[in-house]
Amino acid sequence: MVKWIAEQTLAWREKTGEIVVPVAKWYSHVEKETHRLTSEWVSLARFPVDNEFCYRSDGSFVIRHDDLAAGRLHEALPVAELIP
């Protein structure tokens, strides 16, 4: 799930002109972004999600380490990963 978010983040940053990633270096940038996200966010809970369009879905609530340490649980985000 983190890798998918990393890919989406990089794609958005490219689309907005914030960065330019050469095609040949895309996967190394994805790995760096995945590492950054993994060190910045933590999963609070994972749960199955019923979805009529996919075979299986997993969901989780994620939060930044600093928000968790400060007790800002309202900053947690729901994330769903659809598995066809």
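1. Among contacts in the chain between residues at least 6 apart in sequence, 38% join residues at least 24 apart. Contact here means heavy atoms within 4.5 Å. The model is predicted: local features need pLDDT of at least 70, side-chain atom pairs count only at pLDDT 80 or more, and totals for chains, interfaces and linings use all residues. Residues are numbered from 1 along each chain as its sequence is written, and side-chain values use heavy atoms, with hydrogens and water left out.

2. The chain has 3 helices and 3 strands. Read from the N terminus, their order is α-α-β-β-α-β. Helices (H or I, at least four residues) and strands (E, at least two) are DSSP runs, numbered from the N terminus.

3. Of the 84 residues in the chain, 21% are buried. Buried means under 20% relative accessible area, exposed means over 50%, and partly exposed lies in between (1.4 Å probe, protein chains only). The chain has an accessible surface of about 6200 Å², and carbon and sulfur atoms hold 60% of that. Such areas come from the Shrake-Rupley method with a 1.4 Å probe; for residues, only the protein chains shown count as cover.

4. The largest nonpolar core has 5 residues: Leu-10, Ile-19, Val-21, Trp-26 and Val-30. A nonpolar core is a set of buried Ala, Val, Leu, Ile, Met, Phe, Trp, Tyr and Cys residues joined through side-chain atoms within 4.5 Å. With residues up to four places away in sequence not counted, Leu-10 touches Ile-19, Trp-26, His-29, Val-30 and Glu-33.

5. The largest pocket has a volume of about 320 Å³. Its lining has 16 residues, and the closest to the pocket centre are Val-2, Ile-5, Trp-41, Val-62 and Val-79. Two or more lining residues come from each of α1 (2–15), α2 (26–40), β1 (41–49), β2 (56–64) and β3 (77–83). A pocket is found on a 1 Å grid over the protein atoms alone, as an open set of points where a 1.4 Å probe fits, with protein on both sides within 12 Å along at least five of seven lines; lining residues have an atom within 4 Å of a point. Grid points are joined across faces, edges and corners, and the volume is the space filled by probe spheres set on the points.

6. What classes of residue make up the lining of the largest pocket? The lining has 9 nonpolar, 3 polar and 4 charged residues. Ala, Val, Leu, Ile, Met, Phe, Trp, Tyr, Cys and Pro count as nonpolar, Asp, Glu, Lys and Arg as charged, and the others, Gly among them, as polar.

7. Glu-33 lies in helix α2. Is Glu-33 buried or exposed? Glu-33 counts as buried, because its relative accessibility is 5%. Beyond its neighbours within four places in sequence, Glu-33 is in contact with Ala-6, Thr-9, Leu-10 and Arg-13. Glu-33 and Glu-7 are 26 residues apart in sequence, and their C-alpha atoms are 8.0 Å apart in space.

8. Thr-34 is in helix α2 and is buried, with a relative accessible area of 15%. Leaving out residues up to four places away in sequence, Thr-34 touches Val-2, Lys-3 and Ala-6. His-35 also lies in helix α2, but His-35 is exposed, with a relative accessible area of 59%. The C-alpha atoms of His-35 and Ala-6 are separated by 8.9 Å, and the two residues are 29 apart along the chain.

9. Arg-64 is found in strand β2. Arg-64 counts as partly exposed because its relative accessibility is 31%. Apart from neighbours within four places in sequence, Arg-64 is in contact with Glu-40 and Trp-41.

10. Leu-68 lies in helix α3 (residues 65–69). At 36% relative accessibility, Leu-68 is partly exposed. Leu-68 and Trp-41 are 27 residues apart along the chain, and their C-alpha atoms are separated by 9.4 Å.
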